[in-house]
Amino acid sequence: MEVGRLPISATLRGKLISAGYTTLSSLASVSPSDLARELEISNNEAFEILKFASHGSRLDRPDGSGAIVNGAETAWDMLHKEQLLPRITTSCADLDNLLGGGINSSEVTEIGGVPGIGKTQLGYGFLLIQLAVNVQIPGAFGGLDGKAVYIEGSFMVERAVQIAEACIEDMTDYSVLVKKNATPHQVQIQPKDILENIFYFRVCSYTEQIALVNYLDKFITEHKDVKVIIVDSVTFHFRQNFDDLALRTRLLSEMALKLMKLAKKFNSAVVLLNQVTTKFTEGSFQLTLALGDSWSHSCTNRIILYWNGDERYAYLEKSPSLQSASAPYSVTCRGIRNSTSSNKRTKMI
């Protein structure tokens, strides 16, 4: 149960969320006096909040008791489930191979790029829109036939149209290719249909971002078949005006936990965009993704985009089942595609 459902005033709910208390479990170990001091409210108000939170936690459990442990799962079942996980193609064969077939459902994947490879040159911005489009590829063409949630401050809708049109053309070409040996699949989807299945949310502060993540459970329950949740960027609002790093860490941890639960509950891929910073390691400064070491454990997979000469590359830095490696990719007027050496006839961006 989320704090947004507690029977308290909207002002108190806002103060709880701003302070990082987004779930009932986050209030479990807080005393009334500490909560009152942190939220700048009276002790009586803090006591009432904790009383409602304690009552709500018991209602959330199936038997109303304190037991929260679920049944065990065998390693064999876990392996079988992982092998059957649906994946979202990136439209780049080399990149798909690097990722074991594409972006995994039920997992959190973090993407970051070095300076000069980002939105200014339509690198990872194109990749995120590509995923929002490709998740809608029908099952007959090997896709998930799903929908997308896209969270960010701005959205390149013109690029989405271009990528949607190119995706439909690719499916049409595929249908013609298999026509000789089998009954071709009819491509009935239109660019308008693809755009209507991308749900865009704009957030302007970290409190809005946290509130939206908490709302997604209800939204996805009501809007079936959301198979990818894209947050662009998870970093921006948490690197602005944050003097209390302990508070930032707690807020991020709560949000990361919520996103992981959403991925598992709805069998959806969660893709997060992060920014690059420097870290002093072994006597030198090295590029790494922002938000520190504690945040790095929040994602299942981590991909870093970088330049190698004149070519863009993706480096798989972290994965529970795949080796770290790199693969080239290109950004074209049709979206993400194979590298220039294997796609010379496609106009580059």
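Modeller: This is a predicted model, in which local features need pLDDT of at least 70 and side-chain atom pairs count only at pLDDT 80 or more, while totals for chains, interfaces and linings use all residues. Residues are numbered from 1 along each chain as its sequence is written, and side-chain values use heavy atoms, with hydrogens and water left out.

Colleague: Why is the pair of Arg 334 and Glu 169 called a salt bridge?

Modeller: The term asks for a side-chain nitrogen of Lys or Arg within 4 Å of a carboxyl oxygen of Asp or Glu; the N to O distance for Arg 334 and Glu 169 is 2.6 Å, so the pair qualifies.

Colleague: What parts does this pair tie together?

Modeller: Arg 334 lies in the loop between strand E12 (326-332) and strand E13 (335-337), whereas Glu 169 sits in helix H7 (residues 157-177), so the pair ties together parts 165 residues apart in sequence; helices (H or I, at least four residues) and strands (E, at least two) are DSSP runs, numbered from the N terminus.

Colleague: Why is Arg 337 called buried?

Modeller: Buried means under 20% relative accessible area, exposed over 50%, and partly exposed in between (1.4 Å probe, protein chains only); Arg 337 has 9% relative accessibility and therefore counts as buried, whereas Asp 170, at 30%, is partly exposed. The side chains of Arg 337 and Asp 170 also meet in a salt bridge, at 2.8 Å from N to O.

Colleague: What makes Cys 92 buried?

Modeller: Cys 92 has 0% relative accessibility, so it counts as buried.
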